[in-house]
Amino acid sequence: MPDSPRQQQTLISTGAVLLALLLALPVIVVVSYVFVPTGEIWSHLAATVLPDYIINSLLLMLGVAIGTLLIGVSTGWLTSMCQFPGRGLFEWALLLPMAMPAYIIAYTYTGMLDFSGPVQTTLRELTGWGFGDYYFPDLRSIEGAAIMLTLVLYPYVYLLSRAAFLNQSICVLDASRTLGNGPWSTFLFVALPLARPAIIAGLSLALMETLADFGTVQYFGVSTFTTGIFRTWFGMGSAAAAAQLAAGLMGFVMILILVERYSRRRARYHHTSRRHQDIHRYSLRGMRAVAASGFCFGIVALGFLLPATQLLSWTVSVADQVLDARFMGLVTNSLELASYAAVLALLLALLLAYSQRLFPGKVLQGAVRLAGMGYAVPGPVIAVGVMIPFSFIDNSIDSWARSNFDISTGLMLSGTVVAVVFAYLTRFLGVSLQTVDSGLSKITPSMDEAGRSFGYGPLQILRQVHVPMLKGSLLTALLLVFVDVLKELPATLILRPFNFNTLAVRAYELASDERLAEAAPAALAIVAAGILPVILISWTITRTRRVAVTRDTP
């Protein structure tokens, strides 16, 4: 590395910009294809299915928004500001549905609630009814998809709203009570407005995941942008039209991001007190305590306990037929991909975050921000954006090799795990980057100065000073990306090499063939891998504030 600080800054800034452009390549490609003519295909889509894609996507977002807000905010307030039986258990158990991918809970509830499932079978045995003698709601509908997504996405709102409630100044809440406001008035007119930015941020994340979902809506037969991208690409054979649909989906995501940022900019709710005393929880008694415990338990049961129990039951019933060498191959493929992506994402995040700490210039900050935007882009969009340039590069190299050496190089990029891992990095780098950057921000700059006083260079300071202090953040970032990669379905489904499967893809394939019991072992393995990071996140939030319990009852 050059000795001159200016040369170092130039080198690091240039490298970060080039890295950001590389990771942003899929998004750039998708946007550029908006202007590529597609003949009559786009006209056909616009005249037939495009209105359904738009309307269904909006309805799905509306249903998920209502559900996640009601569940996430109410449980966030109860576990942070109220004392009732089981509260300590529920404060982390309410996050467990985050480990349950939406498409897996959709498969599980369908198997439980369809005509031949245990619920309707038991109902017919108890009543003597036959087919057509009773009404049972159809889960395979847009309403059913919204419910399934709500059950696994409400933790985004719960997580951020609870953190916001825990970090509010008690002086502000006490001032509200001295003005004659009861607990409910304090919640509605003081605590809720103060937590609004965090709540909207959590809601935006939930809605982004809703737009990115493929497995649930495809299995339930709901036409959205994600299912349309697959049908257009593989059914009509038009990458350009698929890219244009992906650009439309990106438009929805960008609107969500702008709404979230606009809301924060327009907010005028501030903490005027800097005193953060112990939180005094309201002690609920009698029926109120029972209702609070029952409500929280019901949410955990619906979002995690019931589907996990059903998956475990199916896994035990088919273990002899499914848990073989082929299944172990799926586990190996999934773990290897997740490990490669998690380690690479961690290294890139550490490099970008530390570079920004060393040289906090506008160009470098913009590059780092651009590199972390991939998490806001749905998996199908990333997959389309990766496949188009990688296929072009493969075809160009193969054509050149055939012309000059009469050999075929094959699909070196688009036909290998290189494309899959690159898509994962583009999609999930933001998760790792945010975690590492948060950890670095807590290390005082005097630590860098102390390292330089001992003659350490930037890399030595990073290795010997920062990394030991960042072990918790680095482990969290590694686990989060690892689990996200295990759950990712659409990008893997599009980009995986021939004869290469993962747990997520295998669960999707078997469930699509209505072989739900055989899909259970793969689904259960994915769920089990996500539990540890969920518990770790909950523990981190709980440690942020001390609490005390009062005898007041709202």
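Predicted model: local features only at pLDDT ≥ 70, side-chain atom pairs only at ≥ 80, totals over all residues.
Biologist: Is T79 buried or exposed?

Modeller: T79 is found in helix α4, which covers residues 50–81. Buried means under 20% relative accessible area, and because the relative accessibility of T79 is 0%, this residue counts as buried.

Biologist: Which backbone oxygen does the side chain of T79 reach?

Modeller: Leaving aside residues up to four places away in sequence, T79 touches F84, R87, F90, E91, L94, Y158, R162 and R281. The side chain of T79 also reaches a backbone oxygen at 2.8 Å, and that oxygen belongs to T75.

Biologist: How far apart in space are F500 and T416, C-alpha to C-alpha?

Modeller: F500 is found in the loop between α22 (490–495) and α23 (503–512), and with a relative accessible area of 15% it is buried. When residues up to four places away in sequence are not counted, F500 touches N333, L337 and V417. Along the sequence F500 and T416 are 84 residues apart, while in space their C-alpha atoms are separated by 9.3 Å.

Biologist: Is M373 buried, partly exposed or exposed?

Modeller: M373 is found in the loop between α16 (362–371) and α17 (379–405). Partly exposed lies between the buried limit of under 20% and the exposed limit of over 50%, so M373, with a relative accessible area of 35%, is partly exposed.

Definitions and conventions
Residues numbered from 1 in each chain as written. Heavy atoms only, no water. Helix = DSSP H or I, 4+ residues; strand = E, 2+ residues; numbered from the N terminus. Buried < 20%, exposed > 50% of the residue type's maximum accessible area, 1.4 Å probe, protein only. Polar contact = N/O pair within 3.5 Å; in protein donor to acceptor, adjacent residues only side chain to side chain. Contact = heavy atoms within 4.5 Å.
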